[in-house]
2 protein chains.
Amino acid sequence: MTTTLDFWFEFASTYSYPAAIRIVDAAAARGVTVRWRPFLLGPIFKAQGWDNSPFNLYPAKGRYMWRDLERICDGLRLPFRQPAVFPQNTIPASRVALVGLSQGWGEDFCRAVYAAEFGEGRNIGETDVLAGVLSARGQDARAVMEEAQRDDNKNALRAQTDEAMRLGIFGAPSFITADGELFWGNDRLEAAIEWAIR
Amino acid sequence: MTTTLDFWFEFASTYSYPAAIRIVDAAAARGVTVRWRPFLLGPIFKAQGWDNSPFNLYPAKGRYMWRDLERICDGLRLPFRQPAVFPQNTIPASRVALVGLSQGWGEDFCRAVYAAEFGEGRNIGETDVLAGVLSARGQDARAVMEEAQRDDNKNALRAQTDEAMRLGIFGAPSFITADGELFWGNDRLEAAIEWAIR
């Protein structure tokens, strides 16, 4: 029997960056198979009455988050650079991620998107940046981005976001075990894995 | 030279409960002296536009928090019971805490307040409950509560809350090292201690 853990992430989520890097070894070490599930926080935040990231709406919290993220990345020896644009338009990258995840190169692509955004401070909402990430992984950027824009793929991302909301997800990263236990935050990754295998 | 860590907490803060229990051994094990600093989140939340706990304002987040707290308490073998009233009026207990901290029995009192509130689900905003916690620790409840209501003590709590806001504190528990590094959340206790002694 395989133990699985659903990893719900959004490319605008800063703490999803270290989580996306850490989850690979952390899950493998405990024999847990991870399902990567990109979704959009925008509609969920909107339902809570927020039209922006809470880190922008609440500046003290935002200042703290950037410093905290920097410390976490330092501890993991992960590159960190605060992007000038935050949050970014993550819809194109999320659609591409769905295509990639169905073709076996999605997890690597997702980590590369996070590295570009929060490791190099680039704007992954820009077509050129996204195409660059794809090309660097040997993908035909133009073909993939066209496929990502197909209606069935757009609908799949919408459906996944609806599912996240239905599951009670209110932030990212979130982890959900096979028995429905929800864990929120990069700092809950280990607890989620331990719950999954108990 | 003594290494100190400021522990900023609010009796309405759910995650401050496990932090107040854990910090004793965690700090002692690393030779760190903790300064207990009660403050009020109400004025800080009000400045952010919130007239209630974010866990009530954002129900999905609130549902998650109670479940998460229950899991954390289970892991620590700490009693947990969700109080019927949340958040509670924490002004009387905070004023008493200041008196107790100046007289050497404050830390024990603070842990007992958290245990009554989140371990037994009682309302620490009620005079009887607060008096019971004091009496159980051998204090003259009536005399202490009178002292807590003196103007200089009320002003001291106000000043401490102003200081918290000035330091960029936006939630509890928060930990601040001697060199001014801010850590937020029960899950950042170990990181704060390691920072303090590096």
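1. The model is predicted: local features need pLDDT of at least 70, side-chain atom pairs count only at pLDDT 80 or more, and totals for chains, interfaces and linings use all residues. Residues are numbered from 1 along each chain as its sequence is written, while chains are lettered from A and ligands numbered from 1 in the order in which they are written.

2. Chain A is as compact as a globular protein of its length, because its radius of gyration is 16 Å, close to the 16 Å that the globule rule gives for 198 residues. The radius is taken over C-alpha atoms, and the rule is 2.2 Å times the number of residues to the power 0.38. Along its principal axes, the C-alpha trace of chain A spans about 45 × 45 × 35 Å.

3. Of the 198 residues in chain A, 39% are buried, that is, with 20 or more other C-beta atoms within 10 Å of their own, the C-beta atoms being placed from the backbone.

4. Eleven residues from chain B and eleven residues from chain A form the contact, with two residues in contact if their C-beta atoms, placed from the backbone, lie within 7 Å. On the side of chain B that touches chain A, helix H4 (59–76) and strand S4 (182–184) of chain B are the elements that give two or more residues. H4(B) gives the most, with four residues.

Technical notes. A residue is buried if 20 or more other C-beta atoms lie within 10 Å of its own, exposed if 12 or fewer, and partly exposed in between; C-beta atoms are placed from the backbone.
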